[in-house]
Amino acid sequence: MRVAPTVFRGPEALGRVLAAEIADEIDDAARNGRRYVLGCPGGRSAHSTYRALADEVAARGLDLSQVVIVMMDEYVDRDGRSGAYRRIDPQLLHSCVRFGRHEIVRGLDAAAGAGRGIAEGHFLVPDPADPAAYDRQIEALGGIDLFLLASGAGDGHIAFNPAGTPPDAGTHVVALTEQTRRDNLATFPSLRGLDDVPRHGVTVGVSTIREHSKRVVMVAHGTDKARAVSRLADAEHYEPDWPATIFTDCAQPRLYVDEAALEAAAALSASA
């Protein structure tokens with residue numbers, strides 16, 4: 001289905017509204033005695049939402065002990081002896097695990113207060129040694145209440161899924177395309193050049209997102225997302241050459257953009 005964009009003045013306004021929605025859902029889940037599962041991308045797109053969510057948690061006094069954070073992906077490298085893939089050192093500045101723990105969990109834990117933060121074992125990351133187990137783990141949780149999504153600016157990758165990803169792809173290890181690696185140079189300034197960007201990652205698949213999400217919000221802001229917003233707003237179903245379009249096939253899809261991204265997308269279309 002085609003999803004009309006919801007437009008915000010800028011990323012901070014977008015983040016505040018989306019964070020308030022998440023806080024409402026966390027509060028509702030707690031009142032009904034159930035866990036709340038939040039799917040999270042690393043990178044810049046959802047950063048304003050994570051900051052605003054910490055503000056909401058503090059203002060409302062929310063208890064996060066039943067909240068589960070499901071990360072989308074992580075870079076991997078190969079063990080020199082066995083040849084098996086393993087997650088990169090989580091202390092590296094470009095580690096998605098590090099991003100999740102520092103930029104998401106740490107802020108939420110501080111906002112919730114001692115004993116009320118994200119519980120041990122409620123921060124999940126796919127394991128390259130058994131990627132398919134991640135989908136089973138998500139299913140066992142009852143699915144993801146809200147999956148926050150983001151699109152690669154240059155090639156439409158979602159998580160680490162490149163153009164050409166089949167619609168039935170579950171969590172898997174993937175070779176990263178050069179465009180995806182270039183997009184990630186902007187996400188992680190600690191990466192000094194393309195040679196520093198890992199060449200493989202473990203990622204949820206587009207099927208993981210579609211089949212295990214109860215609702216999704218695709219977030220795009222800034223002029224560099226012009227092409228992404230144009231493709232996402234025009235899509236009616238999954239288009240493998242722009243994998244982020246999978247959001248149109250998910251339950252309750254929403255597209256949240258800011259004015260800069262939408263205006264840049266309109267200018268791009270007018271010049272085509």
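Trainee: In which loop does Gln 252 lie?

Mentor: Gln 252 lies in the loop that runs between helix 7 and strand 11. Please bear in mind that this is a predicted model.

Trainee: Let us turn to the sheets. What is the strand order in the sheet of 7 strands?

Mentor: The order is 1-11-10-7-2-3-6, in an open sheet with parallel pairing.

Trainee: Which strands stand at its edges?

Mentor: Strand 1 and strand 6 (123–124) stand there. Each has a single partner strand, so one side of each has no neighbour in the sheet.

Trainee: How many bridges join strand 7 to strand 10?

Mentor: Strand 7 (residues 146–150) and strand 10 are joined by 4 bridges and run parallel. Leu 149 stands opposite Met 218 in strand 10.

Trainee: Staying with strand 10, is Ala 220 buried or exposed?

Mentor: Ala 220, which is found in strand 10, counts as buried because its relative accessibility is 1%.

Trainee: What is Ala 220 in contact with, leaving aside its neighbours within four places in sequence?

Mentor: Its contacts on that basis are Leu 14, Lys 225, Val 229, Tyr 256, Val 257, Asp 258 and Ala 261. As for Val 257, it is 37 residues from Ala 220 in sequence, while their C-alpha atoms are 4.9 Å apart in space.

Trainee: Which strands does helix 1 lie across?

Mentor: Helix 1 lies across strand 1, strand 2 (36–40), strand 3 (67–71), strand 7, strand 10 and strand 11. Relative to strand 11, helix 1 runs at about 150 degrees.

Trainee: And helix 3, which strands does it lie across?

Mentor: Helix 3 lies across strand 2, strand 3 and strand 6, and it runs at about 145 degrees to strand 3.

Trainee: Now the helix pairs. At what angle do the axes of helix 1 and helix 2 cross?

Mentor: The axes of helix 1 (residues 11–31) and helix 2 (residues 47–60) cross at roughly 50 degrees and come within 7 Å. That angle makes helix 1 oblique to helix 2. The crossing of the two is right-handed.

Trainee: Which residues meet there?

Mentor: Among those from helix 1 are Leu 14, Leu 18 and Ile 22, and helix 2 contributes residues including Ala 52, Leu 53 and Glu 56. By class, this contact has 9 nonpolar, 3 polar and 6 charged residues.

Trainee: At what angle do helix 2 and helix 3 pack?

Mentor: Helix 2 packs with helix 3 (residues 96–112) at about 15 degrees, and their axes are 7 Å apart. The two helices are therefore roughly parallel to each other. Their crossing is right-handed.

Trainee: Which residues make that contact?

Mentor: Helix 2 supplies His 47, Tyr 50, Leu 53, Ala 54, Val 57 and Ala 58. From helix 3 come Phe 99, Glu 103, Ile 104, Gly 107, Leu 108, Ala 111 and Ala 112. These divide into 10 nonpolar, 2 polar and 1 charged.

Trainee: One last topic: what is the order in the sheet of 4 strands?

Mentor: That open sheet has the order 5-4-9-8 with antiparallel pairing. Its edge strands, strand 5 (85–87) and strand 8 (172–175), each pair on one side only. On average, neighbouring strands of this sheet are turned by 40 degrees against each other, direction ignored.

Trainee: How many bridges join strand 8 to strand 9?

Mentor: There are 4 bridges between strand 8 and strand 9 (residues 200–203), and the two run antiparallel. Ala 175 has His 200 in strand 9 as its bridge partner.

Technical notes
Residues numbered from 1 in each chain as written. Predicted model: local features only at pLDDT ≥ 70, side-chain atom pairs only at ≥ 80, totals over all residues. Heavy atoms only, no water. Axes fitted to C-alpha atoms, helices over the stretch in contact; angles between N-to-C directions. Parallel < 35°, antiparallel > 145°, perpendicular 65-115°, else oblique. Left-handed = near helix turned anticlockwise from the far one by under 90°. Contact = heavy atoms within 4.5 Å. Nonpolar A, V, L, I, M, F, W, Y, C, P; charged D, E, K, R; others polar. Pairing = 2+ DSSP bridges. Buried < 20%, exposed > 50% of the residue type's maximum accessible area, 1.4 Å probe, protein only.
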